[in-house]
Structure formats: structure tokens, C-alpha cells
Amino acid sequence: MTDTASTETALRQVTPVRFAIAMIALATGGFAIGTTEFVTMGVLPEIAEGVGVRTSTAGHLISAYAVGVVVGVPILSFFVAHLPRKGLLLSLMAAYALFNVLSAAAVDYQMLLVARFLDGLPHGAYFGVASIVATSMAAPKHRGRAVALVMLGLSVANVVGVPFATWLGQTAGWRAPYAAAAGLALLTVVLVQLSVPHFPGDPNATGRSEAGRFFTNKQVWLTMLAGAIGFGGMFAAYSYIAPIVTDTAGLAAGAVPWFVFAFGTGMVVGTWIAGELARWSVMGSLLASSLGMVAVLALFWLVAPAGWWLAPVAFLTTAVASVLVINLQVRLMDVADDAVTLGAAMNHASLNIANALGAFAGGVALDVWSVREAPLVGAGLAAAGLLVLVWSTSIHRRRAQS
């Protein structure tokens, strides 16, 4: 049976019920990844005490995971472009479970640091392959919605998974959240095996050919640059939400979890809206959300001293940012042409660069001025990302007219 015939056979097996269950399976993997990625921040003091290092040193565990994501995307994509999609999903989630078990069993800081780096490796590749599978099962006009459903697990993790895992780590010990994440990854393996049909890979695709097409494509670089810079604006504010709430807004430390909840809720709502907006226009959604990021981060700076009035602005910040993220994912898959595996995954590498850039830029604002200026610096990053997208759009239009 040819690969095209195999794909058509798989699509005939996708009933509405099976599609819904498959989306839940893929989103469960996103939930596991989102919970694991951010829970380290919530239990950092417990981890530091448990492995006998300073909290600042334990913070390197967060960086190790992010580096693992950035490194893992091109390496894994290079070797797996030709492999069947379902087998890839199963392998990546099994590896994620294994590395979380290794994290939970770490006997010292060095072992935990290596485990966190390894755990980051499957992150981007999983979301990339899951996005390809989701869009393969959906009608062309619903591609954005399918990607949004996959990413919804990551958003829900910030509302439900991270707070629960933080509580679990504080009450049952820092190892417990990693063990729980391993269980979620194994649950994903079971759900994917039961619900996702077999989609063949591209036997003609090789890592070398995909990388050659992908990394010589100007639109690919512009899209990733827009994500790395523009989305970094959100992290400039999010990374310093605790001191902004207590020092600038003048609220008690007990208010911080409510602002984290507002951020997480915004992610969920924004992710859902993004899927609908993608049906209208992917590029239009990117430009509108980038402009919205500039406005809402400037509003964040303006409202920061106003106490609880800052909470709805925090919600808007991640809602708009999520529209940007989802449409960046769809755009990168579109401009990647035949290098679809690499294109679907590299978005997550650029977003982790955004994480590091935003946190760094916000930290500079804190050192030079005050923590209140971190969102204003974020607005500057968002504006720079918008300019990159305008550049990308102008090139696209010129080529379409020629």
C-alpha cells in the first residue's frame, strides 16, 4: 500500500468521536509537558533544600530544561522526519515519562540537572508531531482549531496542573510532581495508542533534506524571529509577576497565586480564540495579536500600581499572547513547505528563546529602573516582533504579485 493510500485509509477511520478522543489524547500530552515545565518554578525552594544547593543554583534547572527544548527540536527532527507519526508520538511520550522518573529518582543536583535537560529534549518534537497529526485529521479550514486543541493542554496545565503539582510538591516532597508527570506521560501513551490512527511518515524525507529546505527559507527565519522577540514581551512581564504584585501593585504575597491563575486562564481562552481566528486569516491574526501585545503590555505598565485592577490586564496579556503563539505555529508549518516536521517543531524552540530573552530583558529593567518597567520593556519587544511580521508580510505580498 502506498503512503498516500495509507493516509487516506487512516483518514477514513477518523470519525467525529475518534477525532475528539484523539484530540484529548494529544492534549493530555501537552498537559503533562506544561505541568512539568512550570512546576519546577513552584517548588524551587523545596528542590534546593532537597539536593543541598542554593535556590539561585537550583534555578539553573529551569534553564537546563529550556536548553533541552532548544537543542532537542533540530536534533530529533533531523532523525525522525521519515518515521510514522503515531510511533513518534508514542516514543516521545515514553521518553518524557522515563526522564521524569529519572528526575524524581535523582540523588544529587548534578543528576537532577542532567535529567531536566534530557526531559526538555522531547518537548518541541512532541508538539510538532502532534500538530501534524491533528491537522492531518482535520478539514483544511479547521487546521488552526486543531493546533489550538493540541496546545489547549499546555494552557490548561497553567490553570490546573501547575497549581496542583506545586501543592503536591510542597506537601509530599519535590519528587512527587515529577513522578506524577511521568504518570501523565504514560497515560498519554495509552490514549494515543487507542485513539490515533496510523499516519505514515514521508519515506523521501531525510533530516539533511528537511534542514536544507527549512534553514534556507527566509520566511522561516522571519517567523521564528518574530516569535523569539515578540513573544518574549509576555515573559518580560510574566517572569516578574510576584514582585510586580507585591512591590508595585502593593498587594500581599497571598495575591500572587490569583494573578498566576489570571495568566493561566488567559492562556486557555486565548488558545481557543486563536483557533477560530486562524480560520479568518493566519497572517491577519499574527499582525493583530502582535499589535495587541504592544497595547496590552503598555497597559500593564500603566495599571501596575492600581492593585487588583491589574488582574484583568494579566488575563488579557496571556490571552493575546496565546493568539500569537498558535498562529505562529500554523504560519511556520505553512512556510516550511515540505520540511513540515521541522517546521511544526521549531516554533517551540523559538518560544523557549523568547522565554529566556523576555526574562533577561525584564531583569535588566529591574536592575536599571524598577520592576514596574519590566512590562514596558516587554512592549518594546512586542513592537520589535510586530516589525518583523510586517517585513515578512511585505515580502509575501511582493512574491504573490510577481
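How many residues of the lining of the largest pocket are nonpolar, how many polar and how many charged? The legends below begin with the whole chain and then turn to this pocket. The model is predicted: local features need pLDDT of at least 70, side-chain atom pairs count only at pLDDT 80 or more, and totals for chains, interfaces and linings use all residues. Residues are numbered from 1 along each chain as its sequence is written, and side-chain values use heavy atoms, with hydrogens and water left out.

**Figure 1. Overall fold of the protein chain.** The protein chain has 18 helices and 0 strands; these are DSSP runs (helices H or I, at least four residues; strands E, at least two), numbered from the N terminus. Its C-alpha atoms fill a box of roughly 65 × 55 × 40 Å along the principal axes. Of the 402 residues, 56% count as buried (under 20% relative accessible area; exposed means over 50% and partly exposed in between, with a 1.4 Å probe and protein chains only). Among contacts (heavy atoms within 4.5 Å) with a separation of 6 or more, 84% join residues 24 or more positions apart.

**Figure 2. The largest pocket.** About 1,200 Å³ of space lies in this pocket. On a 1 Å grid over the protein atoms alone, a pocket is an open set of points with protein on both sides within 12 Å along at least five of seven lines, whereas a cavity is a set where a 1.4 Å probe fits but cannot get out; lining residues have an atom within 4 Å of a point. Grid points are joined across faces, edges and corners, and a volume is the space filled by probe spheres set on the points. The lining of the largest pocket comprises 37 residues, with F38, T40, M41, G42 and I62 nearest the centre. Helix α2 (residues 16–42) gives the largest share, 6 residues. By class, the lining divides into 23 nonpolar, 12 polar and 2 charged residues (Ala, Val, Leu, Ile, Met, Phe, Trp, Tyr, Cys and Pro count as nonpolar, Asp, Glu, Lys and Arg as charged, and the others, Gly among them, as polar).

**Figure 3. The largest cavity.** A search of the whole structure finds 1 cavity of 30 Å³ or more. The largest cavity holds about 320 Å³ of space and is lined by 21 residues, of which M151, L154, F231, V325 and L351 lie nearest its centre. Elements giving two or more residues to this lining include α2, α8 (143–172) and α17 (340–368). The largest share, 5 residues, comes from α16. The lining has 11 nonpolar, 9 polar and 1 charged residues.

Figure 4. T188 is found in helix α9 (residues 175–195) and counts as buried because its relative accessibility is 0%. Not counting residues up to four places away in sequence, T188 touches A25, T28, G29, M93 and Y126. With the exclusion of residues up to four places away in sequence, N327 touches A274, A278, S281, V282, S285 and L286.

Figure 5. R54 is found in the loop between α3 (44–51) and α4 (55–58). This residue counts as exposed because its relative accessibility is 63%. R54 and L44 are 10 residues apart in sequence and 9.7 Å apart in space, C-alpha to C-alpha.
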